[in-house]
Amino acid sequence: MRCCVCLFQQSLQCSPSKMAAGESNSRSSCLNLSNSGPLGNAPPSNSAHSSPASNGGAVGAAAGMNRSAGNSNPQSGPENGGGAESAVRSTPSAQNPPRQSVGQSGATSGAASNMTATSSSSSSSSASTASSSADASAAVASLPSSPASVLVYREPVYNWQATKSTVKERFALAVGSAVFDAMFNGGMATTSTEIELPDVEPAAFLALLKFLYSDEVQIGPETVMTTLYTAKKYAVPALEAHCVEFLKKNLRADNAFMLLTQARLFDEPQLASLCLENIDKNTADALAAEGFTDIDLDTLVAVLERDTLGVREVRLFGAAVRWADAEAQRQQLQPTPENKRRVLGKALSLIRFPLMTIEEFAAGPAQSGILTDREVVSLFLHFTVNPKPHVEFIDRPRCCLRGKECSITRFSQVESRWGYSGTSDRIRFSVNRRIFVVGFGLYGSIHGPTDYQVNIQIIHTDSNTVLGQNDTGFSCDGTASTFRVMFKEPVEILPSVNYIACATLKGPDSHYGTKGMRKVTHEAPATGTKTCFTFCYAAGNNNGTSVEDGQIPEVIFYT
C-alpha cells in the first residue's frame with residue numbers, strides 16, 4: 001500500500017476515507033498542502049534568512065523516502081527527508097537574490113510572521129494572509145542591492161520539532177516533523193505536485209497526521225508497528241513514545257518474541273529489555289507461542305545466549321529444531337538434518353547439551369541427526385565417564401533467579417582427614433521460607449591440589465524423590481576452604497518440608513567441619529529478611545556426616 005503527498009494552491013486537506021480505504025482506485029492516498037503557508041514553498045520559520053523556494057532547485061524528498069523503503073531500521077534526517085541543512089546551505093542564484101538582513105528591512109520579518117498553517121478543518125482561512133505574505137516577499141526580493149548590505153546567514157536547528165510535545169508548540173514554529181519541514185519549507189523545497197510514499201501504510205500515515213495536527217493518538221494492535229515505523233521515518237519522537245508505551249502495556253508471553261524482533265528492528269532497547277525479561281520469566285510459554293518460529297536468527301541467538309532462561313535445556317533444543325524447520329522453508333530448503341544444522345548456525349552451539357540428563361540427550365538430540373557423530377560420542381562420554389572429557393558446548397548452568405546469591409555455613413571449625421569409600425555424605429534440613437538451592441560448598445583434599453569427582457543431590461525426604469542432581473567434578477587447592485559444586489538448575493525448597501542434602505565424593509581424604517550448629521540464620525543486608533535453616537541427622541548410610549561433624553558445610557541459595 002502506498003501513500004502520496006500532493007501540493008495544491010489553496011488549502012491543507014486530508015481525505016480520511018481515502019487513507020482508511022487505501023484508495024480503491026489506482027490513485028494513492030494523499031496529503032494536500034497549501035503553497036502559501038508554512039507547508040508551502042516558503043522559507044523555514046527557524047531561519048531568519050534563506051533562499052526563496054522559487055529558486056528552481058527541488059529537494060529529493062520523494063527519492064529520499066523511496067531509497068529508505070526497504071530499510072529495516074528507518075532513520076530520519078536530511079538524507080532521508082530532503083535535508084533541511086543542505087537546503088539552507090545552497091547558494092542563491094542570480095535570479096533569486098538573498099534576503100536582506102533584519103536590520104535593513106522589517107519587511108522580511110513581517111512576511112514571515114504573516115505565514116500561517118491551515119488544516120483540513122480550516123481550509124477556508126483568510127486568503128489575504130497568503131496574498132500579503134507573497135507581496136511582502138516580492139517587495140523584499142525587489143530591493144536594490146547596497147554596497148553596505150550584509151548577508152546574515154543562520155543555520156537552522158535540525159529537528160526542532162522533537163523538542164515540542166504539544167500541537168500548539170509545533171504550530172508556533174511549523175509542521176511537527178523535521179523531515180516534512182525540509183521537504184516543503186527548505187530553500188530547495190520540492191516543486192513536484194505529487195510525492196509518493198511507497199513504504200508507508202495509509203492508516204499509519206493518517207495516524208501520523210492526526211497526531212501532528214490535533215495531538216490525537218490513534219493506535220491499535222493492527223497499526224501500532226506501521227505507525228511506529230512511520231513516526232521514526234518522519235522524526236516524530238512523541239508519537240514514537242506513544243507507540244512504544246502501547247506495546248509495553250500489551251506485552252505478554254505469547255507475543256514477547258514477536259515484539260522483541262520488532263524492538264530490535266526499530267532500535268528500541270527499553271522495549272527489547274522488557275521482552276527479554278518476560279521471556280526469562282515465561283520461557284516455556286514464550287517458546288510455545290506461534291510467533292516464535294518467525295523470529296530472525298540474530299534474535300534467536302540473543303535469547304539462547306542468556307543465562308536466565310527458566311526452562312530445561314531439552315525444551316530449548318526442541319524449540320530450536322522447530323525454528324530450524326520454519327527457517328529452512330523460508331530459505332526454500334528441504335528440512336533435512338543437515339539443512340537444519342546449516343540454518344541454525346551459531347545458535348546450535350548455544351544449546352547447553354551437558355545440562356541435560358543422559359536420558360534426555362539419548363531420546364532427543366542424539367537421534368536428531370543434527371549433531372555430528374563426534375559430538376554425540378563426546379557428549380555421551382561426558383555423561384558417563386570420569387574424568388569427564390572436554391566438550392564443545394557450554395556446561396554453565398542457567399539460573400532463572402533474580403537478586404543476590406546467598407549462602408550459609410553450618411560449621412564453626414575445620415579439621416583434617418575425612419575419608420571416602422563410595423558412601424554418600426548426607427544431612428537432613430528444612431527452612432522457614434521458600435528458597436531455591438543452586439549448589440553446595442564442599443571441603444577438598446588435605447594433600448594439596450587435587451581433582452574430585454562428585455555427585456550431588458537434593459532428595460524430598462517423605463517421597464524419597466530426587467529433586468535435583470549433578471554428576472560433575474571440582475578442583476581444590478589443598479586449603480581448608482570450601483569449593484563450589486552447582487546443580488544444573490535451581491531446586492525449589494518449600495518452607496517446613498524435610499529434604500536431604502547428599503554428596504558422594506571420589507578422591508583422597510579431605511578436610512571436614514566440626515562444632516556444627518543445628519540452626520543457622522541468614523539475614524538479607526538490604527531488607528533484613530531472615531532465612532532460617534534447621535539441620536537434623538539423616539538416618540541410614542551417611543558416611544559419618546551429622547549435625548556436629550562431616551561434609552556439606554555450605555548451602556548456596558537464592559530467596
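These entries record what I looked up in a predicted model of one protein chain.

**Entry 1. Ground rules**

I worked with a predicted model, in which local features need pLDDT of at least 70 and side-chain atom pairs count only at pLDDT 80 or more, while totals for chains, interfaces and linings use all residues. Residues are numbered from 1 along each chain as its sequence is written, and side-chain values use heavy atoms, with hydrogens and water left out.

**Entry 2. The chain overall**

I looked up the secondary structure and found 21 helices and 16 strands in the protein chain. Helices (H or I, at least four residues) and strands (E, at least two) are DSSP runs numbered from the N terminus. Of the 559 residues, 48% count as buried; buried means under 20% relative accessible area, exposed over 50%, and partly exposed in between (1.4 Å probe, protein chains only). The accessible surface comes to about 25,500 Å², and carbon and sulfur atoms account for 51% of it. These areas come from the Shrake-Rupley method with a 1.4 Å probe, and for residues only the protein chains shown count as cover. I also looked up contacts, meaning heavy atoms within 4.5 Å. Among those between residues at least 6 apart in sequence, 77% join residues at least 24 apart.

**Entry 3. The sheet of 6 strands**

I then traced an open, antiparallel sheet of 6 strands in the order β10-β9-β12-β7-β15-β14. β10 and β14 (519-523) stand at its edges with a single partner strand each, so one side of each has no neighbour in the sheet. Neighbouring strands are turned by 25 degrees against each other on average, direction ignored. Here axes are lines fitted to C-alpha atoms, for helices over the stretch in contact, and angles run from 0 to 180 degrees between N-to-C directions. Two strands pair if DSSP finds at least two bridges between them.

I followed β9 (residues 450-460) in detail. This strand is mostly covered, with 9 of its 11 residues buried.

Which residue of β12 is the bridge partner of Ile458? I found Ala501 in that place. Ala501 of β12 is also the bridge partner of Ile427. Strand β7 (residues 425-431) is joined to β12 by 5 bridges and runs antiparallel to it.

**Entry 4. The sheet of 4 strands**

A second look-up gave an open sheet of 4 strands, paired antiparallel in the order β5-β16-β8-β11. Its edge strands, β5 (406-409) and β11 (482-493), each pair on one side only. The twist averages 25 degrees from one strand to the next.

β5 is joined to β16 by 4 antiparallel bridges, and the partner of Ser407 in β16 is Ile556. β8 (residues 435-443) pairs with β11 in the antiparallel sense over 8 bridges, with Phe436 opposite Glu492 in β11.

**Entry 5. Two loop residues with positive phi**

I compared Ser496 and Ile552. Ser496, which is not a glycine, has a positive phi near 60 degrees and lies in the loop between β11 and β12. Ile552 has a positive phi of about 55 degrees and lies in the loop between β15 (530-536) and β16 (554-558).

Is Ile552 buried or exposed? Ile552 is buried, with a relative accessible area of 1%, while Ser496 is exposed at 69%.

**Entry 6. Helices**

Helix α10 (residues 224-233) is mostly covered, with 9 of its 10 residues buried; among them are Met225, Leu228, Tyr229 and Lys232. Just after α10, Ala235 takes a positive phi of about 55 degrees.

Lastly, I looked up how helix α16 (residues 313-330) packs on helix α17 (residues 337-344): the angle is about 95 degrees, with the axes 9 Å apart. That makes α16 roughly perpendicular to α17; angles of 65 to 115 degrees count as roughly perpendicular, under 35 as roughly parallel, over 145 as roughly antiparallel and the rest as oblique. The residues in contact include Trp323 and Asp325 of α16 and Lys340 and Leu344 of α17.
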